[in-house]
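Subject: Handing over the two-chain model

Hi,

Here is the structure I promised to pass on to you. Please have a look at it first, and then read my notes below.

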Amino acid sequence: MRHLKILEYALSSLWRRKYKNMAIILVYAFTIAVLASILFLTHALKTEASFLLAEAPELVVQRVSAGRHELIPLEYGDRIRKIPGVAEVHPRFWGYYYDALVEANYTLLEANADHTPLEMLDGHLPAAPGECAIGSGVAAVRKIGPGDDLILVDSTNMGIVFEVTGVFRSPSDLLTNDLVILDRADLIEFFGTPPDLATDISVRVNNPKEINTIAEKIKRQMPDSRPISRSEILRTYAAVFNWRSGMMLSVFAAALVAFCILAWDKATGISAEEKREIGILKAVGWETSDILELKFWEGMAVSLTSLLLGLLAAYVHVFFLGATVLTPVIKGWSVLFPTFRLIPFIDPYQILVIGFLTVPPYVASTVIPSWKAAITDPETAMRG
Amino acid sequence: MPLRILLSAMLALIFCATPALAETPPGPGPKDRCAVCGMFVAPYPNWVAVIQFEDGTNAYFDGPKDMFIYYFDFEKFRPASKIADISNIYVTEYYTTRLMKAEEVFFVTGSDILGPMGNELVPVQGLEQAKTFLRDHDGKKIMQFDGKNLTERPADR
């Protein structure tokens, strides 16, 4: 009951100085929103990537020529198939296409490759030459749907008409949003891929313990090949996103420092009026511990409100507004990508980290100076 | 003529169906423990070994090594039964990660591939693949199980 009364008093004293406290809360919440936005965004991107790669083949074999990715002979696939432990080998055909009309990059992929499960929103995957299925992002930027035509310009600068037979969406938007799926023969013709060559080869391995051995054997038997394992792709994604978010954080470290100075100044610089208040409270019989409790509640109320507001703002910013402010930096190369919505993945650990980094320092910086004021003689305190 | 086609089709069907008739035991449940070391078996699907008994029960192991420990010290682990009550022994083949009869695979010892309980007798189907495994993973010996004993294959490598 006593604690509740002190809490009530703390809230009403916060309300008495509402403009000062609102200013603190605003700046505080903004800093937390920035920090949380970066953490949420990187975490969501990383989770999306791992989501996406969960279904990816254990190994992807590329051919490298002069240090660059080259088309790989289909005959390599037959040699890989003979290695013990290899379950399936599929040559894959895909490529990028820049659509000058809407200034976006698409990924063109053959139908029936063992890609991630695609959820059809409407229609079906291409079954015959001249048909295509498109990701929801492509459908949105080109404003087309099933039954419409998609015109793409091929390697000989000819406009090719594909009939859209379906629009799909997969659990993760990240890499399927910009997909255009074509019939294999169409795709080979469209890119002008020479016969007996594929873009790369996907290899399925039954036993995860054998992946590295198989990768070594592929590298030994075909020295111009580059086997990439799924865990390597995941690690690369994680490293890229971590590096980018680290860069962002260091840029915003300045903002954080500025906030700390403000918080310190606002919270520690106890005004004469506050000192007087503490003196009066002591004179009417408040214990030092009551005053500390009062200040503790005040600090908690301010910092928890800001934390909540900041997290809420970050959530809205990242998952509803698509992290408009941060995406150019975090996503980098994919600026030309049709826009996509992130799936809200939140790591409770990150919320705890943000909470611990902001709440206890603030509470401490409000409690300590008032403790100093509270242990001075009430009379001196009241006289100022 | 149609009769012959029908007959050969039926024959083909029977031949195709036979391997499916020898039913592999169901995979271990989340509560199944290794009958020798007591570890849960389900987290290590690529190592599971199973002894099937005539009465329909199964004993699960988290690797062929524990399975052989059990088999060769049968009276200690299952005093109520006899060796003759065993109907089938399955191990998980390394390259395919499928359950196969222990008599149909070779066991490679001393390799750098460790199971949940450390060094393992890694089951590999086919002599050619067993030799490949031995070479790739620094194996020591290729063993064979004939339904009674585990013996080393005569050195012919």
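F296(A) touches V363(A) and V367(A), leaving aside residues up to four places away in sequence; two residues are in contact here if their C-beta atoms, placed from the backbone, lie within 7 Å. F296(A) and V363(A) are 67 residues apart along the chain, yet their C-alpha atoms are separated by 6.2 Å. F296(A) is part of helix α9 of chain A. Helices are DSSP runs of H or I with at least four residues, strands are runs of E with at least two, and both are numbered from the N terminus. With 18 other C-beta atoms within 10 Å, F296(A) is partly exposed. On that scale, a residue is buried if 20 or more other C-beta atoms lie within 10 Å of its own, exposed if 12 or fewer, and partly exposed in between, again with C-beta atoms placed from the backbone.

Before you go further, please note that this is a predicted model, in which local features need a pLDDT of at least 70 and side-chain atom pairs count only at pLDDT 80 or more, while totals for chains, interfaces and linings use all residues. Residues are numbered from 1 along each chain as its sequence is written, and chains are lettered from A and ligands numbered from 1 in the order in which they are written.

The predictor gives the complex an ipTM of 0.75 and a pTM of 0.67. The average pLDDT of chain B is 82, and 83% of its residues score at least 70; pLDDT is the predictor's confidence in each residue, from 0 to 100. Over residues 11-21 of chain B the pLDDT is below 50, and this stretch has zero contacts in the model beyond near neighbours in sequence. Where pLDDT is low, the predicted coordinates should not be read in detail.

Chain A

Twelve helices and 14 strands make up the secondary structure of chain A. Of its 384 residues, 34% are buried. Among contacts in chain A with a separation of 6 or more, 82% join residues 24 or more positions apart.

Which helices does α2(A) cross? One of them is α9 (residues 288-320) of chain A: the two axes come within 6 Å and cross at roughly 45°. Axes are lines fitted to C-alpha atoms, for helices over the stretch in contact, and angles run from 0 to 180 degrees between N-to-C directions. That makes α2(A) oblique to α9(A); angles under 35 degrees count as roughly parallel, over 145 as roughly antiparallel, 65 to 115 as roughly perpendicular and the rest as oblique. The contact of α2(A) with α9(A) has 18 nonpolar, seven polar and no charged residues. In this classification Ala, Val, Leu, Ile, Met, Phe, Trp, Tyr, Cys and Pro are nonpolar, Asp, Glu, Lys and Arg are charged, and the others, Gly among them, are polar.

Helix α2 (residues 18-53) of chain A also meets helix α11 (residues 348-374) of chain A, where the axes come within 11 Å and cross at roughly 160°. These two helices are therefore roughly antiparallel to each other. On the α2(A) side the contact is made by I32(A), L35(A), A36(A), L39(A) and H43(A), and on the α11(A) side by Q350(A), I354(A) and T358(A). By class, that gives five nonpolar, three polar and no charged residues.

D196(A) is not a glycine but has a positive phi of about 70°. It sits in the loop between α5 (184-191) and β12 (197-198) of chain A, and counts as exposed, with 11 C-beta neighbours inside 10 Å.

Chain B

Chain B has four helices and ten strands, and 32% of its 157 residues are buried. Helix α2 (residues 64-72) of chain B is mostly covered, with seven of its nine residues buried. Among them are M67(B), F68(B) and Y70(B).

In helix α4 (residues 127-136) of chain B, the buried residues include A130(B) and F133(B). Their cover includes β5 (105-109), β8 (122-125) and β9 (141-145) of chain B. Just after α4(B), D138(B) takes a positive phi of about 55°.

Where the chains meet, nine residues of chain B are in contact with seven residues of chain A. The chain B side divides into three nonpolar, five polar and one charged.

Best wishes
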